[in-house]
Amino acid sequence: MKLWRWILLLLAVAVLAAWGWHWVAEDPGHVVISLRGWRIETSVLVAIVLVLVLWALVGLLARVLRWPFGAAARRRRRLGHKRLANGIVGLFEGRHDAAERSLLKSARYTPLKAPAQLLEADVARRRGAWDRALERLDQASEQAPQASRVLRARVLREMGRPDEAALLLGPEAEAGKLPPAGWHELVRARLAAGHAISAMQALGPLRKSAALGSEAMARIEKDVLADALAQADDARSLADIWRKLPRARRNDPELAAIYARHAARHGAGLAAMGELEASLRKYWNPELAALYIGLEDIPADQRLRQAESWLKAHDDDAVLLAALGKLCARQHLEGKARHYLERALEQQPDLAPAWAALGEVAQQENDSAAAARAYRNALDIAAGGKPSALLPGQHADPAPVLEVRSQHGVPRLPSSGYDAEDEGA
């Protein structure tokens, strides 16, 4: 289809050219130019061609005259880009002095002035030269105000002034005009300033901006929510925060544990119990089960029955056994406590809470030697070591048996005095 259009266009141009030539040939016109005794006579068509040629020559002459100036400008542009590139490479290589010199020179080229000054400020920030960083940001704010503001907030936060950083970004956040990096920095500043509840308000825009990947977004969101739950003043505000969380976050075991722990601290043990039971019905998590067993606002017999019902399906869970043993020890059920704790240590000998609870049981039974041994094991494990004294049913890892060979490479038993070479002798 396009080929036919081109053919029709060429035919139309040919027809117009033929008609124009015929029209000009009938009366070519007459042009007379007389100047200071000079007289030029020609046709209109030739005069038009001469004017076009003269125009082209004047343009070519102007280009030739401007070429030296353009060469200097091109050289400045080339050097500016090269210095900017060298500065960026030096920045990421950690050669901050060389990077700063290159960026300072590249800022002399006006189109690169703002990005060069922003990079200079970032170099100064990495070096901890806060005053120089703020000075460069003042200069860059004339051409790149938003980028300068976001980087200034980061500098202030790293200087230990997160409140000022949050206030700096606040007006644009209220107007909804922050760039993606601005929302990220606002969340980090409010979180560093201890205002996690207000940081929650910026999570939505940050998520929509797609400034972070899914893993990074989940990580910062989890940090904000954990701090917000911890900063709740009372049980009511804690419940309000928890209800506003997305369902996916409420199913997070770590956040559920934080909520239950602080709910119990604020006297809302029943709410903590309900949330833990709901979470454990969806998925098993021994840490949540241990937290449930430790809720002192719930009657001990109720916690004991619930824990023993979980034990039917998870009888080899060391954390659950240790928590159950600790609960029995607190209720002075020494026999059951010892049974559960020894089973927990059979599954996991380096479980410090089980050793500590076993020491408590031994104290209740007036066995000071066993109590001291258990407490010593708990302290050794907490310090990063291993239990030094095991239970009667436990065994240390066997020492490796080294293979003994004769000088001819023939294996022999290290414990026996038999030597094949002696026999041969």
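User: What makes the space of about 350 Å³ a pocket?

Analyst: The largest pocket holds about 350 Å³ of space. On a 1 Å grid over the protein atoms alone, a pocket is an open set of points with protein on both sides within 12 Å along at least five of seven lines, whereas a cavity is a set where a 1.4 Å probe fits but cannot get out. The volume is the space filled by probe spheres set on the points, which are joined across faces, edges and corners. This is a predicted model, in which local features need pLDDT of at least 70 and side-chain atom pairs count only at pLDDT 80 or more, while totals for chains, interfaces and linings use all residues. Residues are numbered from 1 along each chain as its sequence is written, and side-chain values use heavy atoms, leaving out hydrogens and water.

User: Which residues line the largest pocket, and what makes a residue part of the lining?

Analyst: Lining residues have an atom within 4 Å of a point. There are 15 of them, and Ala290, Ile293, Gly294, Ala323 and Lys326 lie nearest the centre. Helix H18 (318–330) gives the most, with six residues; helices are DSSP runs (H or I, at least four residues), numbered from the N terminus.

User: Why is Arg303 called buried?

Analyst: Buried means under 20% relative accessible area, exposed over 50%, and partly exposed in between (1.4 Å probe, protein chains only). Arg303 has 7% relative accessibility, so Arg303 counts as buried. Arg303 belongs to helix H17 (residues 300–313). Beyond its neighbours within four places in sequence, Arg303 is in contact (heavy atoms within 4.5 Å) with residues including Tyr292, Ile293 and Leu327.

Key: Helices (H or I, at least four residues) and strands (E, at least two) are DSSP runs, numbered from the N terminus.
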